[in-house]
Amino acid sequence: MIESLANRISLYYVRNNMVKEDDREVISYMLFLIFSNVQQILAFIAVAFIFNAFPQTIAFAVFFAVLKNQAGGAHSNKHWVCFVVTTSLAFIVCLLSTMFTFPTFVPIIASMIMLLIVVLKAPIIHPNNPKTPRRQKIMRRNSIFIAISQCFLIAIFTLFLPILALPSALGSLTSASTLLFPVPENES
């Protein structure tokens with residue numbers, strides 16, 4: 001649905017001479033990214049509203065997105081699958097963090113597992129978005145830096161803001177876990 005909406009809008013731009021036909025695919029993809037990100041943000045807001053867990057939802061989303069951006073990993077072939085899985089994970093994390101009290105070592109263990117996965121696997125580049133060897137090296141360095149920084153923040157949250165410790169750790173771990181799934185070969 002989002003993809004067809006982006007295609008229709010980009011076609012409208014071409015027909016009204018706002019963009020060239022050669023640029024239509026790029027415009028369509030850009031609109032798709034904008035719409036899908038807005039959709040995901042609205043879903044996170046809904047989850048936060050349902051559980052009255054805005055700080056936890058923000059912590060999960062930020063820790064997930066920041067690491068995923070540099071570490072890469074598996075992607076779904078269908079947008080709706082990615083949307084449902086990510087929203088469901090946020091839902092589960094908010095449910096867990098608002099309904100149950102976990103020992104303080106749980107977020108620390110989750111962050112250590114995340115760090116181990118990132119050090120061993122990051123980055124994993126998706127074939128639809130190839131990177132140069134130099135860019136991959138930069139992404140690896142950034143991934144490890146982000147993972148270490150997130151571990152440090154999770155430790156601080158565990159001590160001083162325990163309400164954010166588990167969602168942050170699970171956001172990081174969820175992002176790192178996408179490095180464990182195989183990425184399909186480029187079909188060029």
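Let me begin with a definition: a residue is called buried when its relative accessible area is under 20%, exposed when that area is over 50%, and partly exposed in between. Take Val-62, which has a relative accessible area of 41% and is therefore partly exposed. Please keep in mind throughout that what we are looking at is a predicted model.

Val-62 sits in helix H3.

Now the overall picture. The protein has 7 helices and 0 strands. Read from the N terminus, the order of elements is α-α-α-α-α-α-α. The C-alpha trace spans about 60 × 40 × 25 Å along its principal axes. There are 188 residues, and 39% of them count as buried. If you take the contacts with a separation of 6 or more, 75% come from residues 24 or more positions apart.

Next, the aromatic residues. The structure holds 5 aromatic pairs. One of them is formed by Phe-44 and Phe-60, with 6.3 Å from centre to centre and 85° between the planes, an edge-to-face arrangement. Is Phe-44 buried or exposed? Phe-44 has a relative accessible area of 12%, so it is buried. For Phe-60 the value is 0%, so Phe-60 is buried as well.

Phe-60 also pairs with Phe-64, and here the rings are stacked: 6.1 Å centre to centre, 10° between the planes. Phe-60 and Phe-64 are 4 residues apart in helix H3, which means that about one helical turn separates them. Both Phe-60 and Phe-64 are buried. Taken together, Phe-44, Phe-60 and Phe-64 make up one aromatic cluster.

On to helix H6, residues 133-160. With its 28 residues, H6 reaches 40 Å from the first C-alpha to the last, close to the 40 Å expected at 1.5 Å a residue. Its buried residues include Ile-138, Met-139, Ile-146, Cys-151 and Phe-157. What do the buried residues of H6 pack against? They pack against H3, helix H5 (105-121) and H7.

Setting aside neighbours within four places in sequence, Gln-150 is in contact with Phe-63, Val-66, Leu-67, Met-114 and Ser-172.

For contrast, go to Leu-95, in helix H4, residues 79-99. Its relative accessibility is 31%, so Leu-95 counts as partly exposed. Not counting residues up to four places away in sequence, Leu-95 touches Phe-51 and Phe-100. From Leu-95 to Ala-48 it is 47 residues in sequence and 9.9 Å in space, C-alpha to C-alpha.

Last, some backbone details in the loops. A cis peptide bond joins Ala-122 and Pro-123, with omega about -10°. Pro-123 lies in the loop between H5 and H6.

Two asparagines have a positive phi. Asn-17 has a phi of about 55°, although it is not a glycine. Where is Asn-17? Asn-17 lies in the loop between helix H1 (2-15) and H2. With a relative accessible area of 71%, Asn-17 is exposed. The other is Asn-52, with phi near 50°, again in a residue other than glycine. Asn-52 lies in the loop between H2 and H3, and at 64% relative accessibility Asn-52 counts as exposed.

That is the end of the tour.

Technical notes: Residues numbered from 1 in each chain as written. Predicted model: local features only at pLDDT ≥ 70, side-chain atom pairs only at ≥ 80, totals over all residues. Heavy atoms only, no water. Phe/Tyr/Trp six-rings, centres within 6.5 Å; stacked < 30°, edge-to-face > 60°. Buried < 20%, exposed > 50% of the residue type's maximum accessible area, 1.4 Å probe, protein only. Expected span 1.5 Å × (residues − 1). Contact = heavy atoms within 4.5 Å.
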